Amino acid sequence: MRILIVSDIHANLVALETVLKDANKFDRVWCLGDVVGYGPQPNACIERLRAFDLLCIAGNHDWAVLDKLDLEEFNPDARRAAIWTRNQLTPANRDWLHALPERIPTQAEKFTLVHGSPRYPIWEYVLTPAVARINFDFFDTLLCLVGHTHVPVLYRFHRDEQTATAELLPENFSTVLGPERMMINPGSVGQPRDGDPRAAYALLDLDTLTLTHRRVAYDIAATQADMEQAKLPTRLIQRLSYGW
Ligand SMILES: [Zn+2]
């Protein structure tokens, strides 16, 4: 069974379509949250995902557009985008976002899926080995998939030393997961922040536990034109060009 792992699509339909095409053949999709927020196509992104055999969890931006989170916690650009998104969503898509769980343990207890961290699924950023180390105590499975930082990375837990180390994932990085416990972030489809503007995602062969990280160039200008038409904040439009 081949799983497409995506995160932080952020309503960027052009990026999502490019990833779906690049991934080619897969049986299921696992999505690590922030389907909406920032980008110009929230309804289309939700509907595209829902057509697949899908596991999806909630991100902070998904909650923000529902008023499940205080918008004061967001910077002004993110807040404006959240309010814009709220006004675009169809009732059916709003209900779908509402029903998303905060975490999913899945597949014979091997994987935990969360948006931010196992400790604080909606909000915490796992940006350092120290924070990763703490979070290894907050899930029971061998492996945990996270999103939220928009940076592709693998944290490895060393049981003897009780420490965690980080490896940034280069393009086409491929590894067999385990036997150590690991926390993996596939990066962001719709708004990468590691200085590489190309869409990021991962493919997982569930039978061999082989994970491959991929990057794919998409038509950034097309998404930016849609954002301009929607009058979304300039800074959010520009950042897509730089991948930050
Ligand atoms: Zn995000």
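Helix 7 and helix 8 are roughly antiparallel to each other, a label given to angles over 145 degrees, whereas angles under 35 degrees count as roughly parallel, 65 to 115 as roughly perpendicular and the rest as oblique. The model is predicted, so local features need pLDDT of at least 70 and side-chain atom pairs count only at pLDDT 80 or more, while totals for chains, interfaces and linings use all residues. Residues are numbered from 1 along each chain as its sequence is written. Helices (H or I, at least four residues) and strands (E, at least two) are DSSP runs, numbered from the N terminus.

Helix 7 spans residues 220-229 and helix 8 spans residues 234-242; they pack at an angle of about 175°, with their axes 9 Å apart. Axes are lines fitted to C-alpha atoms, for helices over the stretch in contact, and angles run from 0 to 180 degrees between N-to-C directions. On the side of helix 7, the residues that meet helix 8 are I220, T223, Q224, M227 and E228, and their counterparts in helix 8 are L236, I237, L240 and S241. The residues of this contact comprise five nonpolar, three polar and one charged. Here Ala, Val, Leu, Ile, Met, Phe, Trp, Tyr, Cys and Pro count as nonpolar, Asp, Glu, Lys and Arg as charged, and the others, Gly among them, as polar.

D77, in helix 4 (residues 76-88), is in contact with P233, R235 and L236, leaving aside its neighbours within four places in sequence. Two residues are in contact if their C-beta atoms, placed from the backbone, lie within 7 Å. D77 and R235 are 158 residues apart along the chain, yet their C-alpha atoms are separated by 7.6 Å. D77 counts as partly exposed because it has 16 C-beta neighbours inside 10 Å; a residue is buried if 20 or more other C-beta atoms lie within 10 Å of its own, exposed if 12 or fewer, and partly exposed in between.

Six strands form an open sheet with the order 3-2-1-11-12-9 and mixed pairing. Two strands pair if DSSP finds at least two bridges between them. Strand 3 (54-56) and strand 9 (174-176) stand at the edges with a single partner strand each, so one side of each is left without a neighbour in the sheet. From one strand to the next, the twist averages 20°. Strand 11 (residues 199-205) pairs with strand 12 (residues 210-216) in the antiparallel sense over seven bridges, and A200 stands opposite R215 in strand 12. Helix 1 (residues 13-23) lies across strand 1 (2-6), strand 11 and strand 12, and runs at about 35° to strand 11.

The largest nonpolar core has 67 residues, of which I5, V6, L145, V189 and Y201 touch the most other members. Such a core is a set of buried Ala, Val, Leu, Ile, Met, Phe, Trp, Tyr and Cys residues joined through C-beta atoms within 7 Å. Beyond four places in sequence, the contacts of Y201 include L4, I5, V6, V19 and A23.

Most residues other than glycine have a negative phi, and most peptide bonds are trans. L209, in the loop between strand 11 and strand 12, has a positive phi near 60°. H148 has a positive phi of about 80° and lies in the loop between strand 6 (143-145) and strand 7 (153-158). The peptide bond from G178 to P179 is cis, with omega near -5°.
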